[in-house]
Amino acid sequence: MVGRDREMTLALREIESARSGDGSVIFVSGEPGIGKSRLASEIEKAAVEGGFRAARGGCFQNEAAIPFRPWRPVLKELCSLAAGRSLAVSLIREPPAIAMTPFDQVRLFDEVADLVFSIGESAPVLMTLEDLHWADHGTHALLRHLGRRLSQERLLIVCTYREGEASGAPVLGSTRAELLERSVAREVRLTGLSLPETAELVEALVPGTLARWLPSATQRLWRATDGNPFFVGELVRSLSSDRALGNERISDPLAGGTPPTIRHVLHERLQRLPPGTRRVLEVLAVLGRECPSALAEALTEATPGELRELLRPAVRAEFIEERPSGAYRFVHALVSQEILQEAAPERLAALHLRMADMLEADPGLADGPAVAGFLHVARAAPLAGERRLFEKARAALDELVMLGAVDDAVAVLESLVATVKEHRLDESVTARIVAEVLSAIAHGIEYERTRALCRFALPVLEQEGEERLAALVKLALAFTYQSSGRRELMDFAEAVRLIDEAVPALESHGDLYMVGFGNGMRANALFQLGHCEKALELMQAAARSPLETTRMGSLALSGFYLMHLGRLDQGRRALEDGWAGTNDFIGRATAYFFHHVTLLWRLRAPNDSLITISGELRGGPGRPPNPDPRLLVSRLCAHREMGLLPTEAELDLMRFTPEVGDEGREAVQTVRFRNGEWPPVLSFYRELYQRTKLCGAPQVVPMVGTVFAGLARTAGEFDEAEAVIAEAMDVTTPLDLVNAHAEFGMLKAETGRDVELREHVSACRHAMTPEDWLGLGARVDLLEAISELWLGNEESAMRLFQSATSRMAALQYPWDVAEAHHQYGLALARTGQRTEAEAHFVESGRILERVYAGKSFFERLARARSLFGDSPPDSQTNVRLSSFGAVLSAREAEVLALVAEGRSNREIAGVLVLSEATVATHVRHILEKTGAANRTEAAALAFRHGFANHQT
């Protein structure tokens with residue numbers, strides 16, 4: 001290998017970092033033939049020489065939909081090093097007995113991570129994943145999962161991909177972006193060799209060549225190949241075979257002709273092979289870049305000796321190599337691609353069909369046999385026949401759904417549709433398959449691709465008179481309009497139109513299950529459009545359904561809408577009826593989900609309510625313990641007839657089931673607000689938020705993110721709150737968007753950024769429907785009141801404070817009412833109305849004492865009151881105090897007071913229950929806002945303005 005010194009230096013540095021427990025991912029990119037695989041091999045060689053354990057896997061163009069394709073050989077190798085740790089491989093190699101949910105995949109990923117990291121304790125590990133541009137979605141999800149835990153592990157992952165094909169693989173871009181943002185990934189982009197490096201490579205390939213060439217010959221070779229190492233090698237080998245290099249009369253082997261292309265050179269070299277060798281290479285190319293010798297022998301019907309003799313010319317020409325395992329491997333994917341492009345289509349179809357026959361006889365010949373069988377049959381169409389194509393498609397889809405690989409199931413559907421159109425096969429059968437599969441997996445797939453499949457299937461089914469299946473496709477299409485999480489893809493009005501067309505058709509066919517699903521989606525769409533009362537009426541009617549799961553789920557949704565509208569007692573009764581009225585797990589889980597969110601976020605439950613509810617999941621008085629939690633969650637995943645956002649519920653449920661044991665019960669015990677136990681709460685929700693993102697449900701991320709950001713803000717972790725809420729706003733529904741802007745606005749208010757606060761207030765006013773979204777309307781009133789006060793519009797501010805406080809009181813959300821009174825009191829105090837301010841402070845404390853037993857908010861409340869206490873400074877100081885208090889947030893004022901006491905950041909973090917990083921950020925903001933040059937000067941300002949004289 002020549003010309004890669006800089007890249008190897010970076011790799012050696014990462015190898016040493018991984019050895020010391022600071023793992024990372026190296027992304028190696030470049031055009032085909034640029035040397036990605038060679039560099040990865042050199043990195044692996046250096047790591048192994050340094051004591052690493054190495055494992056390698058790759059993706060093949062012909063097997064792009066096979067789940068976890070590159071991980072299979074990697075995990076097989078690693079599991080051979082760890083006795084008793086084979087579950088990770090068995091779950092991937094064989095479909096489970098029941099369908100995997102998103103949480104099942106997370107659990108699988110956790111086990112893989114534990115396996116890899118446990119091996120790393122005895123020796124560092126290097127994993128190489130080649131050609132990620134052809135990888136399935138599960139491969140990328142597992143890579144991202146490992147990447148999140150790399151920073152303290154002895155693991156190095158090297159990934160290669162073609163730069164030009166990355167744009168066609170958006171999941172690859174998402175993986176790279178996330179790992180780079182986490183600072184656990186490094187990028188190495190390979191470019192062509194320089195002229196001197198090209199000359200060095202030529203001399204290494206064919207010694208003595210440069211002595212026979214004029215300098216211009218090497219320069220022409222370099223220009224013709226752009227320094228691409230594989231191209232240089234192929235061209236030099238081609239010229240060497242022509243004996244041109246030994247002919248001294250030929251001074252310039254490339255003079256006077258059109259510059260060759262890599263395809264032309266490969267074609268010319270392949271044509272020189274014996275016909276029998278070329279036919280065997282066609283067999284190997286059909287099987288992928290690497291083929292076990294036993295499989296090649298079976299397909300060619302040759303003995304081991306005959307096969308080796310046939311392939312000898314290809315090995316000598318350096319097209320393939322024989323691996324130590326006995327497999328044959330093409331030296332580069334370009335070689336196999338060229339062979340496939342040159343082969344006769346009839347010949348390739350026959351080979352694919354024969355491979356499909358072999359897989360039927362022996363599924364163990366390939367990973368993911370059902371998917372592999374479909375891919376081979378699809379490439380053999382129409383030779384394979386329509387019936388066999390459709391049977392293989394169904395089997396492949398079943399395998400993928402059982403593995404939870406719904407995005408790859410969509411890829412199989414797309415391949416089926418493309419094959420049917422190309423060969424003009426029966427579109428009606430294809431449309432039926434699309435309808436049946438999408439109705440089962442619509443919740444977790446890429447919405448634009450799903451929409452395209454729906455638009456293909458819908459007119460075909462309507463033309464065929466398939467009323468029920470057409471209705472199912474309409475529901476799947478409606479789901480893409482309201483659940484994608486991406487604003488540019490959402491159209492709730494269109495979703496309502498489609499559901500209105502689908503539900504009557506499903507009712508006429510007696511499909512109450514899907515009717516419930518459609519009505520749940522319609523209620524959600526109406527709710528997002530601001531029609532909360534209409535959504536409530538629909539769910540109250542659905543609660544009379546004869547289907548128990550629909551009835552209980554509708555009760556839970558009704559309870560949620562009632563609580564959103566401020567009818568807390570009615571909402572609680574509906575939720576409790578849904579909870580207590582059935583032994584059906586889905587109904588109970590739905591009620592639990594809304595209990596959890598409402599108690600935690602809107603009511604800030606101070607007691608053991610969450611623990612009581614979650615404990616019910618393990619059984620209860622008169623109720624048997626729940627059966628196998630995997631089965632329960634799978635049912636929850638499969639039903640989804642309410643149109644809910646279930647991933648969040650699944651994650652919580654799995655934490656609280658018997659299977660998680662003491663760890664799960666311990667997690668439940670920490671989810672409480674008694675005594676201001678913020679760190680356990682934030683830790684719990686931090687993990688919940690990360691796992692929600694990992695499950696790939698964009699419609700759930702904003703909801704969980706907004707809750708987490710609000711908790712982090714209340715706990716004073718402003719930096720984390722800002723990062724999370726900014727991320728949640730990228731993909732969000734209309735209601736979530738308004739809520740996110742409101743949460744972001746409160747964050748800006750607490751950190752003193754009034755200009756940015758105004759922007760969020762305007763965004764909320766523009767997006768919301770105040771007459772129905774009452775809680776948000778009151779919250780935005782509060783935001784605008786704070787903003788108006790900072791702008792000096794005291795009259796307008798006081799009017800808005802009064803409106804926000806009265807509207808919050810009508811809604812009965814204790815936390816929000818207390819927050820409104822608290823902010824109103826601060827505003828009154830800053831304008832000199834001390835008596836009125838004191839009344840609001842007292843009312844805020846009274847409300848919180850009734851529902852909230854924590855200390856953090858009371859400490860903040862006491863500090864706010866103490867700023868305007870019984871010993872006011874002189875009038876001149878009071879003016880400065882009012883101005884100064886308007887600049888600093890409440891938390892910054894607390895930090896400044898402790899700075900004035902001479903406390904370090906660590907001590908302040910301990911007192912306020914914050915992280916040191918958050919305290920450092922507050923100190924930086926204080927210095928910026930006050931203009932103080934250092935902590936000492938800031939402390940002096942604090943004493944001058946009275947901040948250090950009022951400690952609670």
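How many bridges join β6 to strand β8? Two, and these strands run antiparallel.

**Before you click**

This is a predicted model, where local features need pLDDT of at least 70, side-chain atom pairs count only at pLDDT 80 or more, and totals for chains, interfaces and linings use all residues. Residues are numbered from 1 along each chain as its sequence is written, and side-chain values use heavy atoms, with hydrogens and water left out.

**The whole chain**

Start zoomed out. The chain has 48 helices and eight strands; these are DSSP runs numbered from the N terminus, helices being H or I with at least four residues and strands E with at least two. Of the 952 residues, 59% are buried (under 20% relative accessible area; exposed is over 50%, partly exposed in between, with a 1.4 Å probe and protein chains only).

Select 290-291, 320-322 and 328-330. Here three strands make an open, antiparallel sheet in the order β6-β8-β7; strands count as paired if DSSP finds at least two bridges between them. β6 and β7 are the edge strands, each pairing on one side only.

Now pick Cys291, whose bridge partner in β8 is Tyr328. Is Cys291 buried or exposed? Buried, because its relative accessible area is 1%. Jump over to Cys454 and you'll find a buried residue too, at 0%.

**Stop two: helix α17**

Next, select 345-361. That's α17, with 17 residues and 25 Å from first C-alpha to last, close to the 24 Å expected at 1.5 Å a residue (the expected span is 1.5 Å times one less than the number of residues). Its buried residues include Leu348, Leu351, His352, Met355 and Leu359. To see what covers them, show helices including α13 (275-287), α14 (293-300) and α18 (369-380).

**Last stop: His352**

Stay in α17 and zoom in on His352. This residue counts as buried because its relative accessible area is 5%. Which residues does His352 touch, not counting those up to four places away in sequence? Show Val286, His376, Arg379 and Ala380; a contact here means heavy atoms within 4.5 Å.
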